[in-house]
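Subject: A structure for you to look at

Hi there,

Here is the structure I promised to pass on, with its sequence.

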Amino acid sequence: MPRADLGYEPDRIDALHTKTIGAIGSLRAITSTDPSAAFAMAAVRGLLTTLETGWMPAIVAVRNSRALVDPVPVRGFGVPKR
């Protein structure tokens, strides 16, 4: 459920995390020793690398971040009341 006090929807981030883990597992399961599949397998490895080293760390960082949840007071500016 969306929360008006956040800049994102935690349930959607959780769903993205779960789906990405599933996609990584599915991509790892794709194998072929057929030389004619070399180009396709390179594409699968490239996508797997992108998900594992790019997307997953970013998704985990958003899930673990409190930046959009806990306001940080700044000198000279008040912190909005909740």
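Let's begin with helix α1, where Ile 13, His 17, Thr 20, Ile 24 and Leu 27 are buried. Buried here means under 20% relative accessible area, exposed means over 50%, and partly exposed is in between, using a 1.4 Å probe and protein chains only. These five residues cover an arc of only 100° around the axis, so they sit on the same side of α1. The arc is taken from the directions that run from the helix axis to the C-beta atoms. On the face of α1 turned away from its buried side you will find the exposed residues Arg 12, Thr 18, Lys 19 and Ala 29.

Before going on, a word on where this comes from. The model is predicted, so local features need pLDDT of at least 70 and side-chain atom pairs count only at pLDDT 80 or more, while totals for chains, interfaces and linings use all residues. Residues are numbered from 1 along each chain as its sequence is written, and side-chain values use heavy atoms, with hydrogens and water left out.

**The overall picture**

The secondary structure of the chain comes to two helices and zero strands. Helices (H or I, at least four residues) and strands (E, at least two) are DSSP runs, numbered from the N terminus. Of the 82 residues in the chain, 18% are buried. The chain exposes about 6400 Å², and carbon and sulfur atoms supply 64% of that area; accessible areas come from the Shrake-Rupley method with a 1.4 Å probe, and for residues only the protein chains shown count as cover.

How far apart should the ends of α1 be? At 1.5 Å a residue, its 20 residues should span 28 Å, and the end C-alpha atoms are 29 Å apart, which agrees. The expected span is 1.5 Å times one less than the number of residues in the helix.

**What covers the buried side**

The cover over the buried residues of α1 includes α2. His 17, which counts as buried at 14% relative accessibility, touches Met 56, Ile 59, Val 60 and Arg 63, leaving out residues up to four places away in sequence. Contact means heavy atoms within 4.5 Å.

Which residues make up the largest nonpolar core? There are nine in all: Tyr 8, Ile 13, Ile 24, Leu 27, Val 44, Leu 48, Leu 51, Met 56 and Ile 59. The elements that give two or more residues to this core are α1 and α2 (38–64), and the largest share, five residues, comes from α2. A nonpolar core is a set of buried Ala, Val, Leu, Ile, Met, Phe, Trp, Tyr and Cys residues joined through side-chain atoms within 4.5 Å. In soluble globular proteins, nonpolar side chains tend to be buried together.

**The charged pairs**

How many salt bridges does a search of the whole structure find? It finds three. A salt bridge is a side-chain nitrogen of Lys or Arg within 4 Å of a carboxyl oxygen of Asp or Glu.

- Glu 9 and Arg 12 meet through their side chains at 3.9 Å, N to O. Glu 9 counts as partly exposed at 28% relative accessibility, whereas Arg 12 is exposed at 59%.
- Arg 63 pairs with Asp 14, with the closest N and O atoms 3.0 Å apart. This pair links distant parts of the chain, Arg 63 in helix α2 and Asp 14 in helix α1, 49 residues apart. Arg 63 is partly exposed at 37%, and Asp 14 is partly exposed at 31%.
- Glu 52 and Arg 28 meet at 2.3 Å, N to O. Glu 52 lies in helix α2 and Arg 28 in helix α1, so the pair ties together parts that are 24 residues apart in sequence. Glu 52 is partly exposed at 29%, while Arg 28 is exposed at 54%.

Leaving aside its neighbours within four places in sequence, Arg 28 is in contact with Leu 48 and Glu 52.

Happy exploring!
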